[in-house]
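Visitor: I would like a close look at the ligand site, with the strands around it and the rest of the chain as background. Please state the cut-offs behind each term as you go.

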Amino acid sequence: TLPPIQGNIRLENIVFEYEPNRPALKGISLEVQSGQSIALVGHTGSGKSTIINLLCRFYDPVEGRVMIDGHDIRDVTVQSLRSQIGIVLQDTFIFSGTIRDNIRFGRLDATDEEVELAAKAVHAHDFIINLPNGYDTEVQERGSMLSMGQRQLLSFARALLADPRILILDEATASIDTETELKIQEAMKTLLAGRTSFIIAHRLSTIRHADNIVVLDHGRIMETGNHDEL
Ligand code: ATP
Ligand code: MG
C-alpha cells in the first residue's frame with residue numbers, strides 16, 4: 001500500500017510503447033516537487049496523455065520507473081495509488097443524477113454543506129443555484145443541459161471535494177466565453193493550490209501559471225523551464 005503521499009514525483013528514464021517498435025516515450029526523466037504544478041505541452045501524439053497513463057498505472061513502462069515519494073509505483077497497490085490521484089478530464093464525466101451527487105462522486109460521505117463549500121470555492125455555486133432545482137437538479141448523462149464551462153466548474157468542485165494530493169488536469173480546448181474563462185482560471189488556482197499537479201495545458205494563461213513547463217515532441221522532452229525561461 002502506498003502511504004498517504006506528499007506528492008514528490010520522479011519519472012526516471014521512461015521508455016514506453018503501446019505497440020512493438022513504435023515507442024511513444026523515448027526516455028523521459030522529470031521531477032515534480034510536492035505542491036508544484038507542471039504543464040505538459042506538445043503537438044498531438046507527442047506523448048502527453050501517455051505520461052498520465054503511466055502515472056496512473058494504466059500501463060507500465062518498458063524501461064525506467066515512476067517514483068512517488070521514493071516508492072516505485074509498481075510496488076504499491078493500484079487502489080492505494082489511484083485513490084490519491086484526482087483526474088479532471090477534458091470531457092468531464094457526468095452521470096445522470098443530481099448536481100449534488102455529481103459533485104459528491106469521489107467523496108460519498110461529504111455533507112451538503114461540504115458540497116456547497118467546494119462549489120463556492122470554484123465559482124460553480126452561482127450557476128447551480130440558478131438551475132431549476134439548484135443542487136437537486138437532475139442532469140442527464142453527459143450533462144447535456146450544462147455548458148462546457150459549467151461542466152468544467154462542476155468537475156473542479158468534484159475534484160476539490162475529493163482533495164487528492166496529486167491532481168491531473170487535461171484542460172478543455174473548447175472555446176469558452178471570457179467571463180467563464182476568468183472563473184475557470186481562478187477556480188484552477190484554488191484547485192491546484194498545495195497539490196502536485198500535471199496539467200495537459202492548451203491555454204496560454206494556464207501555461208504561464210505553471211511552475212514548470214515541459215515541451216514534448218515525438219516522445220522526448222525538448223525543453224523545460226518556466227514561462228520566463230522558455
Ligand atoms: P493529443 O494532444 O492528441 O492528446 P498526446 O500528446 O496526448 O496527443 P499520446 O496520446 O500520448 O499523445 O500519444 C503518443 C503516441 O502513442 C502517439 O503516436 C499515439 O498514436 C500513440 N498511442 C496513444 N495511445 C495509444 C493506444 N492506446 N494504442 C496505440 N498507440 C497509442
Ligand atoms: Mg492526449
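Guide: A compact globule of 230 residues would have a radius of gyration near 17 Å, and the chain, at 18 Å, agrees with that; the radius is taken over C-alpha atoms, and the globule rule is 2.2 Å times the number of residues to the power 0.38. The model is predicted: local features need pLDDT of at least 70 and side-chain atom pairs count only at pLDDT 80 or more, while totals for chains, interfaces and linings use all residues. Residues are numbered from 1 along each chain as its sequence is written, and chains are lettered from A and ligands numbered from 1 in the order in which they are written.

The C-alpha trace spans about 55 × 40 × 30 Å along its principal axes. Eight helices and twelve strands make up the secondary structure; these are DSSP runs, H or I over at least four residues for helices and E over at least two for strands, numbered from the N terminus.

Now the site. Tyr18, Glu19, Ala24, Gly42, Thr44, Gly45, Ser46, Gly47, Lys48, Ser49 and Thr50 surround ligand 1. Two or more shell residues come from each of β1 (9-19) and α1 (48-55), and α1 gives the largest share, three residues. A residue is near the molecule, and so in this shell, if its C-beta atom, placed from the backbone, lies within 6 Å. By class the shell has two nonpolar, seven polar and two charged residues; Ala, Val, Leu, Ile, Met, Phe, Trp, Tyr, Cys and Pro count as nonpolar, Asp, Glu, Lys and Arg as charged, and the others, Gly among them, as polar.

Strand β1 belongs to an open, antiparallel sheet of four strands in the order β2-β1-β4-β5. Since β2 (22-32) and β5 (71-72) are the edges, each with a single partner strand, one side of each has no neighbour in the sheet. Strands pair if DSSP finds at least two bridges between them; β1 and β2 have eight, in the antiparallel sense. Glu19, a member of the ligand shell, has Arg22 in β2 as its bridge partner.

Strand β1 also holds Asn13, which has a positive phi of about 50° without being a glycine.

As background, buried residues are 38% of the 230 in the chain. The largest nonpolar core has 60 residues, of which Leu40, Val122, Phe156, Ala157 and Leu191 touch the most other members. Helix α6 (residues 148-162) gives the most to this core, eight residues. Such a core is a set of buried Ala, Val, Leu, Ile, Met, Phe, Trp, Tyr and Cys residues joined through C-beta atoms within 7 Å. Beyond four places in sequence, Ala157 is in contact with Ile103, Ala118, Ala119, Val122 and Ala124, contact being C-beta atoms, placed from the backbone, within 7 Å.

Definitions and conventions. A residue is buried if 20 or more other C-beta atoms lie within 10 Å of its own, exposed if 12 or fewer, and partly exposed in between; C-beta atoms are placed from the backbone. Two residues are in contact if their C-beta atoms, placed from the backbone, lie within 7 Å.
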